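Subject: Structure handover and notes

Hi there,

Here is the structure I promised to pass on. Please open it alongside this email, and my notes follow below.

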Amino acid sequence: MTATPQIPANAPFSEDQRAWLNGYLAGLFSGSNSPTPPAASTSRGSLLFLYGSQSGSSEGLARKFGKLAKKQGFETKVSGLEAFASMDISKESRIAIITSTYGDGEMPDNAQPFWDYIKNGSAPKLDHLEFSVLALGDRNYTLFCEAGRLIDERLAALGAKRIQDRCDCDVDYDQPAAAWFDSLLGSFGGASAEAEEPEPEESGYTKTNPYPATLKTNLVLNGAGSSKETRHFEILLDAPGLEYEVGDALGVMPTNCPDFVSEILAAAGLDGEEPVKDAQGVEHSLRLSLTRRLDLKPFIEKLPAHGISAEELCKPLRNLQPRLYSISSSLKAHPGEVHLTVGMVRYELEGLARKGVCSTFLADRVSGNDKVPVFIHKSPSFRLPADSTKPVIMVGPGTGIAPFRAFLHERRAIGATGKNWLFFGDQRADCDFLYREELLAMQKDGHLTEFHAAFSRDQAEKIYVQHRMIENANELWNWFQEGASFYVCGDAKRMAKDVDAALHQVAEIAGGLDAEQATAFVNQLKIEKRYLRDVY
């Protein structure tokens with residue numbers, strides 16, 4: 001039998017490459033007609049992906065990269081940061097953290113307990129650990145990628161070795177995230193993912209391939225005298241690959257208002273026919289680019305200087321991004337449809353009319369045979385409890401009612417026996433009570449076990465949903481003892497923070513906990529995925 005050759009130790013290969021080649025040669029010289037190289041996973045080692053995710057983007061990337069790393073031979077695990085309490089981090093040697101930032105520099109909900117732990121002075125040293133952080137954010141916010149920055153710097157301060165520099169991504173994160181992942185694999189001894197066979201095309205419709213849907217219904221929900229304009233939209237989903245679950249969001253790719261585009265062109269002294277190239281080098285007219293391709297936010301407050309060239313006008317502009325709206329329907333209750341509950345953005349700025357891009361696209365600019373480009377954005381971190389006998393508590397003022405209308409429709413459709421409690425708020429009961437007839441009917445027939453509304457302008461002293469929570473602290477505490485899940489949807493800047501503070505107060509008032517114990521209780525709800533938020 002021919003002796004199996006070995007790759008010399010001084011050959012220009014890494015240790016991993018040499019081990020793989022020696023295994024391959026062993027198979028080749030063993031007499032087998034079809035030598036099979038040994039799995040690379042025997043030599044790549046472990047790689048743990050942890051994600052902090054509010055809307056699902058970080059989780060989606062973590063799962064995608066975990067799968068690709070596994071194909072490279074790494075023993076990969078993917079988990080949310082909320083699971084850190086059940087992990088033995090001393091047994092991990094390499095971690096990759098992918099986290100978004102939400103609101104004004106805040107941690108995603110599932111990352112908050114982890115951050116509270118590692119920022120504490122009693123956190124353990126992590127000298128044994130190699131890590132890298134991928135941070136997702138939005139440059140429109142002052143504290144861009146703040147959550148990722150804080151975690152990255154704290155891990156390094158605890159002694160962990162930064163094997164790959166942190167990558168801070170804006171809303172167009174696909175390419176920089178892929179480059180970060182390739183560099184990460186290289187740092188850990190893997191090959192570039194670009195060298196692999198390409199992944200099969202994702203089935204269904206995506207933000208780069210939206211479905212041209214038909215807008216079926218466009219209704220104003222507010223009554224006469226309201227200072228708000230909230231609309232109910234129903235969109236037909238009559239194509240395969242457009243299934244959604246309650247808790248998911250619908251991505252809508254809008255176009256900019258043509259009147260605003262004309263205003264910008266007039267200010268710059270351009271006619272709109274000037275040719276400009278996109279990132280791929282494809283040429284379009286300036287007017288088409290401003291209408292369909294570019295984000296015009298920089299011009300809302302200040303129009304361009306007269307005499308600027310078309311290229312100079314477009315250079316600082318980001319690509320126009322889809323808007324994500326919480327879905328307010330259940331496919332089981334409304335087959336082939338998706339419903340949205342959207343607040344219109346219309347205002348004046350220094351005497352000039354301004355409007356929200358996507359809300360007014362749906363309300364004003366889609367008509368006749370016009371199509372609405374849409375896709376489903378999965379939100380795996382905002383789901384009803386798997387056990388339908390468990391109670392759910394939902395806090396959704398204003399358009400925050402959207403996912404909870406979907407939850408209630410879904411729970412009825414599947415025959416869930418768990419109790420349902422809704423806190424809803426808005427300005428005035430007579431004109432801002434969204435879905436009044438539906439909700440009161442659900443309350444009457446017992447599907448909505450508890451329903452508390454707060455209309456802030458109906459009395460001298462403003463009353464909000466968090467006040468209703470405090471008023472019902474004892475009953476809320478009883479529901480938590482029964483295993484209730486707690487959901488919040490709506491404004492992140494004020495409402496969500498006030499509701500969170502009220503939740504701590506409920507634990508102190510009704511549970512008899514001190515402030516530290518109340519914080520531990522709330523964090524435990526997050527770890528158990530019983531405190532979930534869809535906030536914006």
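A word on burial before anything else: a residue is called buried under 20% relative accessible area, exposed over 50%, and partly exposed in between, using a 1.4 Å probe and protein chains only. Please keep in mind that this is a predicted model, where local features need pLDDT of at least 70 and side-chain atom pairs count only at pLDDT 80 or more, while totals for chains, interfaces and linings use all residues. Residues are numbered from 1 along each chain as its sequence is written, and side-chain values use heavy atoms, leaving out hydrogens and water.

**The overall picture**

The protein has 17 helices and 21 strands; these are DSSP runs numbered from the N terminus, with helices being H or I of at least four residues and strands being E of at least two. Of its 536 residues, 50% are buried. Taking contacts (heavy atoms within 4.5 Å) between residues at least 6 apart in sequence, 74% join residues at least 24 apart.

**H339**

Is H339 buried or exposed? H339 counts as buried because its relative accessible area is 0%. This histidine sits in strand β13, which covers residues 337–343. Its side chain makes a polar contact with the side chain of R405 at 3.1 Å. Such a contact is a pair of N or O atoms within 3.5 Å; within protein, one must be able to donate a hydrogen and the other to accept it, and residues adjacent in sequence count only if both atoms are side-chain atoms. Setting aside neighbours within four places in sequence, the residues in contact with H339 include H232, F233, E234, H334 and R405.

Strand β18 (residues 420–426) is largely enclosed by the rest of the structure, because seven of its seven residues are buried. In a regular strand, side chains alternate between the two faces of the sheet. Both faces of β18 are covered, with N420, L422, F424 and D426 buried on one side and W421, F423 and G425 buried on the other. The chain reaches β18 from β17 by way of helix α11 (residues 402–413), in a right-handed β-α-β crossover. Right-handed here means that, with the strands pointing away from the viewer, the path from the first strand over the helix to the second runs clockwise.

β17 (residues 392–395) and β18 pair in the parallel sense over four bridges, where pairing requires DSSP to find at least two bridges between the strands. In that pair, I393 stands opposite W421. β18 also pairs with strand β19 (residues 450–455), again in the parallel sense, over six bridges. There, F423 has H452 as its bridge partner.

I393 leads on to S485: the two are 92 residues apart in sequence, yet their C-alpha atoms are 6.1 Å apart in space. S485 lies in strand β20 (residues 485–490) and is buried, because its relative accessibility is 4%. Apart from neighbours within four places in sequence, S485 is in contact with P385, P391, V392, I393 and R530.

Strand β1 (residues 46–52) is mostly covered, with six of its seven residues buried. L50 has a partner in each: S79 in β2 and I97 in β3. Together with helix α3 (residues 57–71), β1 and β2 make a right-handed β-α-β unit.

**Helix α8 and the cysteines**

In helix α8 (residues 286–293), the buried residues are L286, S289, L290, T291 and R293. Their cover includes α7 (258–268), β10 (275–277), β11 (283–285) and α9 (310–314).

How many disulfides does a search of the whole structure find? It finds zero, taking a disulfide as a pair of cysteine sulfur atoms within 2.5 Å. C358 is buried, with a relative accessible area of 2%, and C489 is buried at 0%.
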